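Q: Hi! Could you walk me through this one? I'd like to look at a few spots up close.

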Amino acid sequence: MKYYISEINKDGTIAVDDTILVKGVLCSAGSHIMDGFEPLFSAEAVERLEKAGYKLSGKTNVGEFGLDLMGEFSYYGAVSEGGKLAGAAAALVKKGEAKAALNVDLNGSPRRAAALGGVDFIKPTYGTVSRYGVIPAACSGEQIGVTAASAEAAAEVLGVIAGHDDKDGTSLPQASYEYKTDEGVKGKKIAVISELFDAASDEVKKTVEAYAEGLKAEGAEVKTISLEEAKAAQLAWTVLSAAESCNNFSRYDGVKFGYRTPDYKNIDDLYVNTRTEGLNFLTKATVLYGSNVLSKGRYFDCYDKALRIRRLVSEKMAEIFKEFDAVLVPACGEASYEEYDIKEAFEKTYKEALFTAIPSITGIPAMATGGVQLMAAAFGESTLLSVAAAMERRG
Amino acid sequence: MTREELKGLEQLNEFAFKADEAEKMLEIFGNMKGEEAVMDSFDLSNTDIMVHVMPMTNIFREDVRQQPFAREDLLKGAPEHTDDSWQVPRLVK
């Protein structure tokens, strides 16, 4: 069981996903194909933290390119706690060995890990935190977020890393952001999306119900609504993220950096054997599906439709947030996960995307807290953090 | 998706699947094809595509001359290299 792939400072307090570059520190993205890759520069988020006086503790284990549930298919092995799968960063924060961690949220993996690990994770609005120095997979939706033991700690670290960065073409223009945790819950209107609630296990449903009761006790109004586009969002994000990952992962060929197969006689062998040996089945399945949905016969039938679904879901969520301050849903379908065969991973992660795809495909902020997931309108991080903080004070 | 079509995708993406992996991939494609039908339940004829979730604008700036990474630093991470180049098998026979 390996929490850190590389340790940086014994007295460091901030852990960093191994999909985020730190200059001079080996970076694996949880993959064999990155063997020996030593970045020549640090991610902007890392630079900002170091400039603000935070010390990094190390690079945390992640599933290959962050595609799996919560790190179970890292080349370096899965992290488990009490026989159940756990996220490395969430486990370190829970144990108090790190104050906070930076994680890349591509398919909800850190949200899931935080919800099951008993800590918080906030994925901010797309474009508020620079992705410069993130190993890219699904660029149009992936975002650096913060795992922390409390909403206050998450807000503090997020406030340091958020803000415009010239080096990221998708970075929004605002120079900096201030996040609040004291807006309270009283008077807030919270929606529960029935399609996500109904799809969760009984144990997860109980957690969501208990959280909703807590919100009501704090003076919020909680109402169940329907979002018929929920399943379409799940499918569309799977299509888009696979297509983008397919393009991004084409760079791993054993030529300029990383792993190279010892078994080749010519350039074709070198490419095929390097990629076949260096990438795991989940990554290869993602690449093949992405390649397929981008192909001539399937582009308009699948990829193009997924881009239209993205707009449909974005508009629908904007409508919901005209009436509600936040959405409360499960962060995942099960209350725990055990190790499983990698051949089941594509379908398993697809199934779980029902709970996490909406913020990924629309760019809205989401937060795993108290074992549940909250979502808000774009730039509504303070609402999420305030609700989480109030509920944490309640205990 | 036929085995032949899958073979084409494998070649395009520089992979060589074992028989059991190929079989699983065909199963995944079959399942996903069924799932994709959910997108047909919405009338998308008046819905435009959305590539970027946030408004994007082109930002122009003057070119700035900067020191690039040193060649030896770039080569350090290469699996095989000569003094000044990445090394690959002969391309022209």
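A: Happy to! Let's start with A:Asn103, whose side chain makes a polar contact with the side chain of A:Thr147 at 2.5 Å. A polar contact is a pair of N or O atoms within 3.5 Å; within protein, one must be able to donate a hydrogen and the other to accept it, and residues adjacent in sequence count only if both atoms are side-chain atoms. This is a predicted model, where local features need pLDDT of at least 70, side-chain atom pairs count only at pLDDT 80 or more, and totals for chains, interfaces and linings use all residues. Residues are numbered from 1 along each chain as its sequence is written, chains are lettered from A and ligands numbered from 1 in the order in which they are written, and side-chain values use heavy atoms, with hydrogens and water left out.

Q: Which side chain makes a polar contact with A:Asn103 at 3.1 Å?

A: That one is the side chain of A:Asp17.

Q: And where does A:Asn103 sit in chain A?

A: You'll find A:Asn103 in strand S6, residues 100–105 of chain A. Helices (H or I, at least four residues) and strands (E, at least two) are DSSP runs, numbered from the N terminus.

Q: Why does A:Asn103 count as buried?

A: Because its relative accessibility is 4%. Buried means under 20% relative accessible area, exposed over 50%, and partly exposed in between (1.4 Å probe, protein chains only).

Q: What is A:Asn103 in contact with, leaving aside neighbours within four places in sequence?

A: Its contacts (heavy atoms within 4.5 Å) include A:Ile20, A:Ala89, A:Phe121 and A:Gln143. A:Pro110 is also one of them.

Q: Changing topic: how many cavities of 30 Å³ or more are there?

A: The structure holds two of them. On a 1 Å grid over the protein atoms alone, a cavity is a set of points where a 1.4 Å probe fits but cannot get out, and a pocket is an open set with protein on both sides within 12 Å along at least five of seven lines; lining residues have an atom within 4 Å of a point. The largest cavity has about 230 Å³ of space (grid points are joined across faces, edges and corners, and a volume is the space filled by probe spheres set on the points). It is lined by 24 residues, and the closest to its centre are A:Asp17, A:Val62, A:Val104, A:Ser109 and A:Pro110.

Q: Which element gives the most to the lining of the largest cavity?

A: H3 of chain A, with four residues. Helix H2 (88–95), S6 and helix H3 (109–117) of chain A each give two or more. By class, that lining has 13 nonpolar, nine polar and two charged residues. Here Ala, Val, Leu, Ile, Met, Phe, Trp, Tyr, Cys and Pro count as nonpolar, Asp, Glu, Lys and Arg as charged, and the others, Gly among them, as polar.

Q: Last one: how much do chain B and chain A bury between them?

A: About 5,100 Å², with 69% of it on carbon and sulfur atoms. Buried area is the accessible area (1.4 Å probe) that two parts lose on being put together, summed over both. B:Phe15, B:Met39 and B:Met50 supply 13% of the area that chain B buries against chain A, more than any other three residues. The contact takes 61 residues from chain A and 48 from chain B.
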